[in-house]
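This report looks at a few parts of one protein structure. Please have the sequence and the 3D view at hand while reading.

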Amino acid sequence: GAPDPTAGASIDDENCWHLDEEQVQEQVKLFLSQGGYHGSGKQLNLLFAKVREMLKMRDSNGARMLTLITEQFMADPRLSLWTQQGTAMTDKYRQLWDELGALWMCIVLNPHCKLEQKVSWLTQLKKWNGVDVCPWEDGNHGNELPNLTNALPPGTNANQENMGQCKSLEYQHLPAHKFLEEGESYLTLAVEVALIGLGQQRIMPDGLYAQEKVCRNEEQLISKLQEVELDDTLVKIFRKQAVILLEAGPYSGLGEVIHRDSVPMHTFAKYLFTCLLPHDAELAYKSALRAMRLLVLESMAPLGDTSRPHHIASVVPNRYPRWFTLSHIESQQCELASTMLTAAKGDVRRLETVLESIQKNIHSSSHIFKLAQDAFKIATLMDNLPDITLLKVALELGLQTVPTAALSLLSSNYALHKL
């Protein structure tokens with residue numbers, strides 16, 4: 001009747017394995033002393049992966065192991081040197097700090113941990129945050145000057161104490177018995193939470209690295225969503241969230257009123273548009289048109305020639321706060337507009353609405369010229385007769401990019417020719 005010593009722990013027991021604290025500390029210390037060379041970075045990524053594995057297994061040592069790793073990072077003597085000199089740390093080192101932050105979020109948001117544990121971790125995190133050398137999330141220390149010609153470099157952190165390995169997974173609906181609404185599953189809840197997060201209004205951070213991270217994280221999350229095949233249940237979630245985001249108050253990035261420095265919704269709206277279009281075209285266009293705004297430029301635009309309704313003024317934004325990723329954001333705005341133009345072919349009312357949105361919200365002559373080219377290609381794509389309305393859109397957008405002086409010269413030449 002004695003218990004079997006080889007049977008292992010009960011399924012309800014908390015997993016807890018022996019943690020060699022000294023070995024963890026030495027491995028992290030070795031990595032930091034070598035500056036990430038000689039393969040030590042691989043060892044650190046293995047430690048991060050081990051923390052994730054522990055969290056997955058509900059091993060109480062996961063938080064302790066991450067604490068040991070974080071303490072070694074905080075003790076890195078280069079932090080003081082970089083802070084004193086106002087020197088930027090490398091992107092690779094920043095990505096390691098990002099991984100630390102992501103793992104701590106997993107720990108403090110763990111629904112299975114006790115309240116006293118959360119209080120203890122919060123105290124520790126506040127203590128670290130109060131240290132002078134603790135890096136800022138924005139990466140905006142002292143005299144750090146960004147390289148504006150190399151915006152949005154591809155991330156190489158550990159997430160990408162993985163994404164490539166998960167692409168072969170098939171997502172299925174697992175029933176969530178404790179939830180009240182019929183038809184809900186963990187998949188529908190996960191998708192809905194992702195849509196809520198992507199649609200939240202948030203202020204653009206100050207630092208270059210943080211702004212790049214905003215764009216990169218948004219695109220990674222949308223990439224994960226694109227792996228999920230939409231069925232009728234998920235389409236209902238998309239429609240529900242689109243309506244909520246359009247009608248919501250200040251927390252929504254698609255709300256009627258947003259802050260001047262809000263992170264634009266162009267990338268998210270393009271994804272939302274393509275998902276909703278086959279099922280609810282009216283809602284798809286309403287969401288995408290609302291997202292075309294780029295208020296940070298509108299508030300800086302000069303008055304220009306008010307006698308010309310579609311006058312394109314040269315806008316040189318006052319970069320405070322600095323939007324280092326502005327060129328990327330404007331490209332995404334242009335992509336959203338092009339997607340709507342393509343879908344609206346043959347629909348005069350919608351083409352006119354999209355044209356008005358482009359003229360109101362896009363301030364870059366080069367992007368308007370690109371949209372004129374796109375409209376022309378779309379209008380003449382098939383062998384049958386070209387779409388006259390789209391050709392008119394292409395012509396009107398093209399004329400907007402011609403400087404006023406050139407138009408005057410063309411008019412004068414035409415008048416002389418007639419004489």
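This is a predicted model: local features need pLDDT of at least 70, side-chain atom pairs count only at pLDDT 80 or more; totals for chains, interfaces and linings use all residues.

## Helix α14

Helix α14 covers residues 348–361, which is 14 residues. From the first C-alpha to the last, α14 reaches 20 Å, close to the 20 Å expected at 1.5 Å a residue. At the start of α14, Asp347 places a side-chain oxygen within 3.3 Å of the backbone nitrogen of Arg349.

Which residues of α14 are buried? They are Arg350, Leu351, Val354, Leu355, Ser357, Ile358, Gln359 and Asn361. The buried residues of α14 pack against several other helices, namely α11 (281–291), α12 (295–298), α13 (326–343), α15 (365–379) and α16 (388–400).

## How α13 packs against α14

The axes of α13 and α14 are 10 Å apart, and the two helices pack at an angle of about 165 degrees. Angles over 145 degrees count as roughly antiparallel, so α13 is roughly antiparallel to α14. The crossing of α13 past α14 is left-handed.

On the α13 side, the residues that meet α14 are Gln333, Ala337, Met340 and Leu341. Their partners in α14 are Leu351, Val354, Ile358 and Asn361. These four residues of α14 are also buried.

## How α13 packs against α11

Helix α13 also packs against α11: their axes come within 10 Å and cross at roughly 150 degrees. The two helices are therefore roughly antiparallel to each other. Their crossing is left-handed.

Tyr285, Ala288, Leu289 and Ala291 of α11 make this contact with Leu336, Met340 and Ala343 of α13. Met340 of α13 takes part here, and Met340 is also listed where α13 meets α14.

## A loop residue: Gln201

Where does Gln201 lie? Gln201 is in the loop between α7 (186–199) and α8 (208–225). The side chain of Gln201 makes a polar contact with the side chain of Ser262 at 2.6 Å. The Gln201 side chain also reaches the backbone oxygen of Ser252, at 3.4 Å.

Leaving out residues up to four places away in sequence, Gln201 touches Pro250, Tyr251, Ser252, Gly253, Val257, Ile258, His259 and Ser262.

## A helix residue: Val119

Val119 belongs to helix α6, which spans residues 115–129. Val119 has a relative accessible area of 47% and is partly exposed. Val119 and Val108 are 11 residues apart in sequence, and their C-alpha atoms are 9.3 Å apart in space.

How values were computed. Residues are numbered from 1 along each chain as its sequence is written. Side-chain values use heavy atoms; hydrogens and water are left out. The expected span of a helix is 1.5 Å times one less than its number of residues. Buried means under 20% relative accessible area, exposed over 50%, partly exposed in between (1.4 Å probe, protein chains only). Contact means heavy atoms within 4.5 Å. A polar contact is a pair of N or O atoms within 3.5 Å; within protein, one must be able to donate a hydrogen and the other to accept it, and residues adjacent in sequence count only if both atoms are side-chain atoms. Axes are lines fitted to C-alpha atoms, for helices over the stretch in contact, and angles run from 0 to 180 degrees between N-to-C directions. Angles under 35 degrees count as roughly parallel, over 145 as roughly antiparallel, 65 to 115 as roughly perpendicular and the rest as oblique. A crossing is left-handed if the near helix is turned anticlockwise from the far one by less than a right angle, and right-handed if clockwise.
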